[in-house]
Amino acid sequence: MILTGSEIYKEVMKGNIYLEPFSRDQLNPNTYNYRLGETLKKFTYFDGEKSIFSTIKIPNNGYLLSSGQMYLGQTMEIIGSKKYTTSLIGKSSLGRLGLFLQLSANLGHTGIKHQWTLELYAALPIIIYPKMIIGQVSFWTNYGDVSPYSGEYGKFSIPQESILFNHNAL
Amino acid sequence: MILTGTEIIRNFHLGKIKIDPFNESRATTNSYDLKLGNRFIIYKSKIIDPKQKPEYELIKASRRGILLNKGQFILGETKEKLGSDHFVPIVHAKSGVARMGLFVHVTADIIDIGSYGNSTLQLYATLPVKLYPDMDIAQVSFWVPKGKITLYEGKYQHSDGPQASKIWMSMKK
């Protein structure tokens with residue numbers, strides 16, 4: 001089941017959902033709005049094995065994303081839950097402007113708590129601003145025993161590019 | 001929990017799910033099929049700034065359809081108006097459409113509980129795609145919420161036709 005906004009609020013108060021900083025006016029009927037952190041990584045080149053990203057601090061007067069280009073961003077908030085499964089998606093107001101947020105991996109594992117890495121892809125050239133509301137996160141009840149996440153991305157709070165090639169190189 | 005097709009039909013007749021026009025034969029195992037409407041929005045602004053109201057053009061497609069070029073992004077609408085005060089709708093592409101390289105939304109698949117209207121489709125073509133009004137384009141599933149329900153009262157309520165982004169209204173401060 002998907003939690004309603006008032007249930008998200010209750011569970012934040014009980015400590016079962018972690019959203020920091022938290023502001024009640026960012027609650028929606030079924031999700032919580034998160035903001036864009038200030039660190040962005042831009043794809044620069046492919047070295048034959050992996051993509052190389054350069055790090056950018058998004059200025060207060062905005063940063064122009066080029067269309068057809070892939071960027072990594074971060075949530076400003078630390079988001080997580082030991083009780084629920086999270087799903088991190090964008091906002092329709094930005095999707096309507098052609099901004100993809102999370103290309104296809106929206107599922108967050110139970111037990112992870114960090115600033116999430118965002119996969120940004122602009123279908124149209126668009127300006128983004130630090131701290132703007134850029135996406136929303138929903139929380140889902142689990143069915144079955146929860147085994148804690150043991151993956152490698154959960155410890156990162158800066159935008160983290162793929163480390164898949166580390167496995168493939170074995 | 002996700003509703004089955006028979007539950008979608010049952011809840012439609014109970015008035016807990018609103019879909020207009022509704023036809024029982026369009027319920028699938030776990031969703032309801034949605035058609036493409038004939039109204040589209042094409043942005044005219046060279047650069048999109050969320051702080052500014054975007055310039056756009058509203059066009060109506062004829063039966064001969066419209067061609068989306070590879071990499072083109074436009075807004076469309078579902079022919080149906082839909083919503084629910086009891087379940088959370090989530091919009092998905094029909095796999096037949098996704099297999100043509102077409103995204104029907106680029107990020108936000110959840111519809112707020114309490115929202116009602118034509119759903120705006122965020123159409124992005126990764127290959128050249130021809131679109132026709134009335135074609136099957138998407139499907140909506142309905143999910144059971146947990147907790148006290150607060151209904152949507154946002155800026156896209158009662159959408160009639162595709163709605164361009166209104167983010168500039170909240171970004172202006």
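**Close-up views of the predicted model**

**View 1. Glu119 of chain A in strand β13.** A:Glu119 lies in strand β13 (residues 117-122) of chain A; the coordinates come from a predicted model. The residue A:Glu119 is buried but forms no salt bridge. A:Lys41, the nearest side chain of opposite charge, is 13 Å away. Beyond its neighbours within four places in sequence, A:Glu119 is in contact with residues including A:Met70, A:Tyr71, A:Leu72, A:Phe100 and A:Gln102.

**View 2. The open sheet β2-β8-β12 of chain A.** In chain A, 3 strands in the order β2-β8-β12 make up an open sheet with antiparallel pairing. Its edge strands, β2 (17-20) and β12 (113-114), each pair on one side only. Strand β8 (residues 78-81) pairs with β12(A) in the antiparallel sense over 2 bridges. A:Ile79 stands opposite A:His114 of β12(A).

**View 3. The interface of chain A and chain B.** Contacts join 38 residues of chain A to 42 residues of chain B. The two chains bury about 3300 Å² between them, with 66% of that area on carbon and sulfur atoms. A:Met1, A:Arg96 and A:Phe100 supply 21% of the area that chain A buries against chain B, more than any other three residues.

**View 4. Polar and charged pairs between chain A and chain B.** The interface holds 1 salt bridge. In a salt bridge, the side chains of A:Glu7 and B:Lys146 meet at 3.7 Å, N to O. Residue pairs in polar contact between the two chains number 17. Elements giving two or more residues to the side of chain A that touches chain B include α1 (5-14), β9 (85-90) and β15 (133-140). The largest share of that side, 4 residues, comes from α2(A).

How values were computed. Residues are numbered from 1 along each chain as its sequence is written. Chains are lettered from A and ligands numbered from 1 in the order in which they are written. This is a predicted model: local features need pLDDT of at least 70, side-chain atom pairs count only at pLDDT 80 or more; totals for chains, interfaces and linings use all residues. Side-chain values use heavy atoms; hydrogens and water are left out. Two strands pair if DSSP finds at least two bridges between them. Buried means under 20% relative accessible area, exposed over 50%, partly exposed in between (1.4 Å probe, protein chains only). Lys and Arg count as positive and Asp and Glu as negative; His and the chain ends are not counted. A salt bridge is a side-chain nitrogen of Lys or Arg within 4 Å of a carboxyl oxygen of Asp or Glu. Contact means heavy atoms within 4.5 Å. Buried area is the accessible area (1.4 Å probe) that two parts lose on being put together, summed over both. A polar contact is a pair of N or O atoms within 3.5 Å; within protein, one must be able to donate a hydrogen and the other to accept it, and residues adjacent in sequence count only if both atoms are side-chain atoms.
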